Amino acid sequence: MKQTNSKPAKLRIGIICGGQSAEHEVSMRSAKNVLDALDTAKFEPVLIGIDRRGGWHELQQLGTEVAAGSDQANKDQLLKRVDVVFPVLHGPFGEDGSMQGLLELAGVPYVGCGILASAAGMDKEVTKRLLREVGVTVAEFIVLTAAERAACDLPEVIKTLGTPLFVKPANMGSSVGVSKAVDQASLAAALDRAFQYDRKVLIEKAVVGDEVECAVLGNDQPQVSVPGRLIVKADFYTYEAKYIDDTTDLEIPAKLTDGLTKQVQATALKTYRALGCEGMARVDMFVTPVSEVVVNEVNTIPGFTSISMYPQLWEASGLGYRELITQLIELALERFGERRGLLTTHS
């Protein structure tokens with residue numbers, strides 16, 4: 001009998017990047033790092049870019065932006081060509097459950113949280129309300145919709161929450177559209193800016209404390225990384241401080257007491273489970289001078305740029321970048337396999 005030494009076919013990984021959000025460029029940078037870390041002995045990358053108009057394209061290489069043009073591809077055909085999707089999309093139309101819903105309907109395994117956790121994690125108001133329900137501390141806040149903007153009593157807001165305040169679009173990441181307000185005039189300006197990015201805005205009471213983050217990885221039995229601390233030299237952690245200016249240092253692992261480290265990790269894990277996260281998420285918190293842990297927000301598709309905390313936190317926890325990407329793909333296949341075993345008819 002003739003024997004063959006054929007190797008098993010590599011899994012084709014669709015790395016989807018770009019997108020229709022203000023975080024388009026960050027997505028492209030993240031995607032390049034995911035591509036560079038992909039274990040090409042096991043996986044074959046398929047680069048899929050979404051331009052700012054929503055057109056899908058198969059890319060031969062990654063730049064700083066997905067260009068719209070005549071090379072637009074059929075997204076259904078592209079998805080049929082891949083075994084697993086790694087959505088490296090930040091913000092609306094990628095991190096908010098939209099892409100996750102499309103992939104569920106297409107029957108394609110994908111890395112990261114499902115529809116509900118993605119949507120809940122994207123909406124800062126929903127995140128805070130769910131976390132308060134399970135006893136996780138969050139900053140005091142007021143929600144304002146575009147329809148309520150004209151009637152908003154700004155002096156009353158300041159009286160209720162005090163100053164300084166932070167004003168944020170409810171559904172945006174990377175600090176896009178976020179402003180600090182110290183009086184009525186700056187609050188009005190901050191609201192005008194935030195409403196350029198979303199029709200719902202959060203006004204939050206400032207929390208005094210160290211900014212710390214934990215990376216979480218896993219499905220039914222998630223693991224938590226060592227905490228990292230942000231040392232922000234700017235007024236606050238703006239988009240520019242994150243990606244452009246050299247105004248932020250990272251302390252990994254964070255210099256916390258053993259007890260406080262465990263408290264921060266436990267809070268991150270409780271947050272992850274409360275939102276129903278799977279695959280991955282990064283939980284951003286404050287540690288106050290009296291050692292209270294306050295959750296700021298959750299990122300269900302954290303950044304994978306060269307300076308992003310998520311991969312660096314796992315590196316410091318003993319899990320290298322390449323192994324991290326491999327585990328995320330394996331977790332996607334694990335979840336997909338478990339869901340395929342569920343009944344879809346009455347027994």
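Visitor: In this predicted model, does S317 count as buried, exposed or partly exposed, and why?

Guide: The general idea is to compare relative accessible area with two cut-offs, so that buried means under 20%, exposed means over 50%, and partly exposed means in between. S317 has a relative accessibility of 31%, and therefore counts as partly exposed.

Visitor: Which residues is S317 in contact with, once its neighbours within four places in sequence are left aside?

Guide: A contact here means heavy atoms within 4.5 Å, and on that basis S317 is in contact with S225 and V226. For V226 there is also a polar detail, in that a polar atom of the S317 side chain lies 3.0 Å from the backbone nitrogen of V226.

Visitor: How far apart are S317 and F286 in sequence and in space?

Guide: The two residues are separated by 31 positions in sequence, and their C-alpha atoms are 21 Å apart in space.

Visitor: Turning to the whole protein chain, how many helices and strands does it have, and why is it called as compact as a globular protein of its length?

Guide: The protein chain has eleven helices and 14 strands. Its radius of gyration is 21 Å, close to the 20 Å that the globule rule gives for 347 residues, so the chain is as compact as a globular protein of that length.

Visitor: What share of the residues counts as buried?

Guide: Of the 347 residues in the protein chain, 54% count as buried.

Terms used: Residues are numbered from 1 along each chain as its sequence is written. This is a predicted model: local features need pLDDT of at least 70, side-chain atom pairs count only at pLDDT 80 or more; totals for chains, interfaces and linings use all residues. Side-chain values use heavy atoms; hydrogens and water are left out. Helices (H or I, at least four residues) and strands (E, at least two) are DSSP runs, numbered from the N terminus. The radius of gyration is taken over C-alpha atoms; the globule rule is 2.2 Å times the number of residues to the power 0.38. Buried means under 20% relative accessible area, exposed over 50%, partly exposed in between (1.4 Å probe, protein chains only). A polar contact is a pair of N or O atoms within 3.5 Å; within protein, one must be able to donate a hydrogen and the other to accept it, and residues adjacent in sequence count only if both atoms are side-chain atoms.
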